[in-house]
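Let's take a walk through a protein model together. Keep the picture open and look for each part as we get to it.

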Amino acid sequence: MRVHDLMETTVATLELSDTLDVAEHIMRLGRIRHMPVLSHGRLVGILSQRDLFRASISSVLHFRRAAEEEWLAKIDVKAVMTRTVTTVPPDTSIRTAVELMLERKIGCLPVVENEKLIGLLSESDCMRYLARLLEIAGEKEALPELSRPA
């Protein structure tokens with residue numbers, strides 16, 4: 001199984017010039033935890049919910065929703081995004097991708113081919129795959145054992 005078999009190909013992205021209020025709206029409405037950041041079509045960073053949370057001071061100051069949005073509208077994505085992004089090509093094995101995510105403690109891997117973002121492999125994608133493998137293993141255990149001819 002390869003990354004291209006599991007990755008999500010419809011990926012919401014941000015531009016360097018976007019502000020955090022835009023990012024927050026997209027992430028909240030789409031239930032998205034990671035968004036690649038592009039500049040002229042090239043991957044230059046990634047914004048996670050954690051990055052967004054760190055930038056938001058509402059949790060400390062208990063801003064009203066409108067005040068929080070006003071604050072986030074003043075901060076560019078490029079100010080808080082992670083600039084060093086671990087990526088993989090689409091033909092990477094799932095095992096290698098999962099090991100990389102565990103080793104680097106990251107929740108997703110942008111999938112890049114010819115310097116262009118073509119997908120995103122997330123923890124959720126990997127967990128869905130694991131659930132399917134466990135289902136298959138359970139079905140296999142439920143099958144009667146076949147006797148072998150002598």
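A bit of housekeeping comes first. This is a predicted model, where local features need pLDDT of at least 70 and side-chain atom pairs count only at pLDDT 80 or more, while totals for chains, interfaces and linings use all residues. Residues are numbered from 1 along each chain as its sequence is written, and side-chain values use heavy atoms, leaving out hydrogens and water.

Start with helix α2, residues 20-30. Helices (H or I, at least four residues) and strands (E, at least two) are DSSP runs, numbered from the N terminus. Which residues of α2 are buried? They are L20, D21, A23, E24 and M27. Here, buried means under 20% relative accessible area, exposed means over 50%, and partly exposed is in between (1.4 Å probe, protein chains only). Looking down the axis of α2, you'd see these buried residues fall within an arc of 155 degrees, so they line one face of the helix. That arc is taken from the directions from the helix axis to the C-beta atoms.

Strand β2 (residues 34-39) and strand β3 (residues 42-48) run antiparallel, joined by 6 bridges; two strands pair if DSSP finds at least two bridges between them. V37 stands opposite G45 in β3. The hairpin has 2 residues between its strands, and H40 takes a positive phi near 55 degrees.

Now for the charges. The whole structure has 7 salt bridges, each a side-chain nitrogen of Lys or Arg within 4 Å of a carboxyl oxygen of Asp or Glu. One of them joins R42 and E115, with the closest N and O atoms 3.0 Å apart. R42 is in strand β3 and E115 is in the loop between β4 (108-113) and β5 (116-122), so this pair ties together parts that are 73 residues apart in sequence. R42 is partly exposed at 48% relative accessibility, and E115 is exposed at 53%.

R95 and E99 also form a salt bridge, at 3.1 Å between the closest N and O atoms. Both lie in helix α6 (residues 94-104), 4 residues apart, about one turn of the helix.

Finally, find helix α7 (residues 123-142), which holds I136. I136 is partly exposed, at 40% relative accessible area.
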